[in-house]
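Let's take a friendly walk through a protein fold, starting with its strands and ending at a pocket. Keep the picture in view as you read.

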Amino acid sequence: MSGHPPSVGASPRHVSLVALPEAAISTLAGIFDVMNSVAPTGMVAAPAAFHIEIVGEAVGPLELASGIPITVQRAIDTIETSDIVIVPAVLLRPPVWVQGRYPGLVAWLRRMHERGAVLCSACSGVFLLAETGLFDGQDATVHFGYAAMFAASYPAVPVHPERVLVIGGRHEELVSSGASMSWHDLVLYLIARYAGAITAQEVARMFALQWHQEGLTPYLVFEGRTDHGDAEILGAQQWLGEHFALAHPVEEMIRRSALAERSFKRRFVAATGLTPIAYVLRLRIEDAKRRLERSDASVDEISWRVGYEDAAFFRRLFKRTTGLTPSAYRRRFRLPDFARPPRP
């Protein structure tokens, strides 16, 4: 983060929480409740930091993506200025964002930005914000499940799905948060910025919210590209998916192909975006993640089963790839004992 420091000071700040038919009610309502808690009569006793309103194209009931209606409290054409504008997560069904459906909202977002608003997105809400063109050339984040679609829709916006929160713009006025529940990080950041760090800590404690300080890399699931149209490489990928734990899978894969080694490696990189050995590593780590989540096997045993005889080497690779040690990953993602079905 660079530029102007977080601005704790005059309050309350007007927050426009944008409602549109694709919005996820969990994100919208969660942001509303947490930010609304920072008030003299709220759950966290503090000077009023925010005046938050649910805004949209028209006042009244609006059915959201889940079929549950909410009430739009204020129409955007009545709002001349807003300190903070937040677009909550949207559910894309079918999984595509059709640009140009909300020209009035997009024009209003640009107008609010021109008048000094901080524009924020939670998860996939950045699809709407990106229509303004304000994020062109600015780093952003989005849910990793939508990252490829976002990159194709907005190639001028560098996207980093592994990052929890990205703050950009000359005055730190373009803020995006990543996958799903990282809206927690977004609201805690805004509370820290406008109400102070102590208040943000109190809110986190009250709601049992946690900063995703390790980033979102541990949550990413590797899926190799298969839409490249190279039948020879696709066949190699399919074979590798079943045999990645062999002692020398790359050499065997090349031997089984009809290509010379140099040609094979060149075409493999062109098709998948990864070298063969990097592809093997990702398959092995992904399999290790599932074993850590679903079995009681030791880290040493898992290392051996996915193809690494040197467990120390495996531990280093695992942390470099996921951001967590194998033991920390198991603690984070394994089903807790109280949630497991009783043994017969």
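Two strands pair if DSSP finds at least two bridges between them. Strands (E, at least two residues) and helices (H or I, at least four residues) are DSSP runs, numbered from the N terminus. This is a predicted model, in which local features need pLDDT of at least 70 and side-chain atom pairs count only at pLDDT 80 or more, while totals for chains, interfaces and linings use all residues. Residues are numbered from 1 along each chain as its sequence is written, and side-chain values use heavy atoms, with hydrogens and water left out.

Strands of a sheet pair through backbone hydrogen bonds, either parallel or antiparallel. Strands β3 (residues 60-63) and β4 (residues 69-72) pair in the antiparallel sense, and so do β8 and β9.

In what order do the 7 strands of the open sheet lie? The order is β5-β2-β1-β6-β7-β9-β8, with mixed pairing. At the edges are β5 (74-75) and β8 (165-168), each of which pairs on one side only. Strand β1 (residues 13-18) runs parallel to β6 (residues 84-87), and 3 bridges join them. Leu-17 stands opposite Ile-86 in β6.

Angles here run from 0 to 180 degrees between N-to-C directions, and axes are lines fitted to C-alpha atoms, for helices over the stretch in contact. Contact means heavy atoms within 4.5 Å. Helix α1 (residues 25-36) lies across β1, β2 (50-56), β6 and β7 (118-122), and runs at about 160 degrees to β2. Helix α5 (residues 183-195) lies across β1, β2, β6, β7, β8 and β9 (174-177), at about 155 degrees to β7.

**A helix pair and a loop**

Helices α7 (residues 231-243) and α8 (residues 249-256) pack at an angle of about 145 degrees, and their axes are 10 Å apart. From α7, Ala-236, Trp-239, Leu-240 and His-243 make the contact, meeting Pro-249, Glu-252, Met-253 and Arg-256 of α8.

The loop between α6 (197-207) and α7 holds His-212. Which residues does His-212 touch, leaving aside its neighbours within four places in sequence? They are Val-164, Met-181, Ser-182, Asp-185 and Tyr-219.

**The largest pocket**

On a 1 Å grid over the protein atoms alone, a pocket is an open set of points where a 1.4 Å probe fits, with protein on both sides within 12 Å along at least five of seven lines; lining residues have an atom within 4 Å of a point. A volume is the space filled by probe spheres set on the points. The largest pocket has a volume of about 620 Å³. Of its 19 lining residues, Phe-144, Ala-148, Val-221, Phe-222 and Glu-223 are the closest to its centre. Helices α4 (147-153) and α10 (276-294) each supply at least two residues of the lining, and α4 gives the most, with 3 residues.
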